[in-house]
Amino acid sequence: MRMVENDREGLIMAYERITLMASNNAVVVFSVSTCCMCHVVKRLLLGLGVGPTVYELDQERGGREIQAVLSQLLSASPVMSGPHGVVPVVFIGGKLLGGVDKVMSCHINGSLVPLLKQAGALWL
């Protein structure tokens, strides 16, 4: 019973940490340093002129717990998860945008740049 309680407390702390991390910057990417899809999202944002704040979860203390909470936030199924879990996960203006599929669809349909401008990540 104590183990379940500790796990729940860890997830609550991870959720609070994610909320704080995401709200302190215009664009936040939760990533794993060896994930190719994370690299794609980071390069896309950099190519658009955005300097996202990147948290590499394989190098962050409590990264596993953060990844577990991100998975719950995205309601990710194993089909949606890659070998590195649910990453990348992108927040814009403190709000959850989603994973690589959502970022790419917003980029393709032209809604990503307006979101970035609204969050103050782009001025042009």
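Select Leu73 to begin: at 33% relative accessibility, Leu73 counts as partly exposed (buried means under 20% relative accessible area, exposed over 50%, partly exposed in between, with a 1.4 Å probe and protein chains only). The model is predicted, so local features need pLDDT of at least 70 and side-chain atom pairs count only at pLDDT 80 or more, while totals for chains, interfaces and linings use all residues. Residues are numbered from 1 along each chain as its sequence is written, and side-chain values use heavy atoms, with hydrogens and water left out.

Leu73 is located in helix α3 (helices are DSSP runs of H or I with at least four residues, strands runs of E with at least two, numbered from the N terminus).

Next, select Ile12 in helix α1 (residues 2-23). Ile12 is partly exposed, at 44% relative accessibility. Its C-alpha lies 9.2 Å from that of Glu65, although 53 residues separate Ile12 and Glu65 in sequence.

Turn now to the salt bridges, of which the structure holds 2 (a side-chain nitrogen of Lys or Arg within 4 Å of a carboxyl oxygen of Asp or Glu). In one of them, Arg17 meets Glu60 at 2.7 Å, N to O. Arg17 belongs to helix α1 and Glu60 to the loop between β2 (53-56) and α3 (63-74), so the pair ties together parts 43 residues apart in sequence. Arg17 has a relative accessible area of 30%, and Glu60 one of 25%.

Then select Glu56 and Lys42, whose closest N and O atoms are 2.7 Å apart in a salt bridge. This pair links strand β2, which holds Glu56, with helix α2 (residues 36-47), which holds Lys42. Both Glu56 and Lys42 are buried.

Finally, select strand β1 (residues 27-31): 5 of its 5 residues are buried, so β1 is largely enclosed by the rest of the structure. Val27, Val29 and Ser31 point one way, and Val28 and Phe30 the other. Strands pair if DSSP finds at least two bridges between them. β1 runs antiparallel to β3 (residues 89-92), joined by 4 bridges, with Val28 partnering Phe91. β1 also pairs with β2 in the parallel sense over 4 bridges, where Phe30 stands opposite Tyr55.
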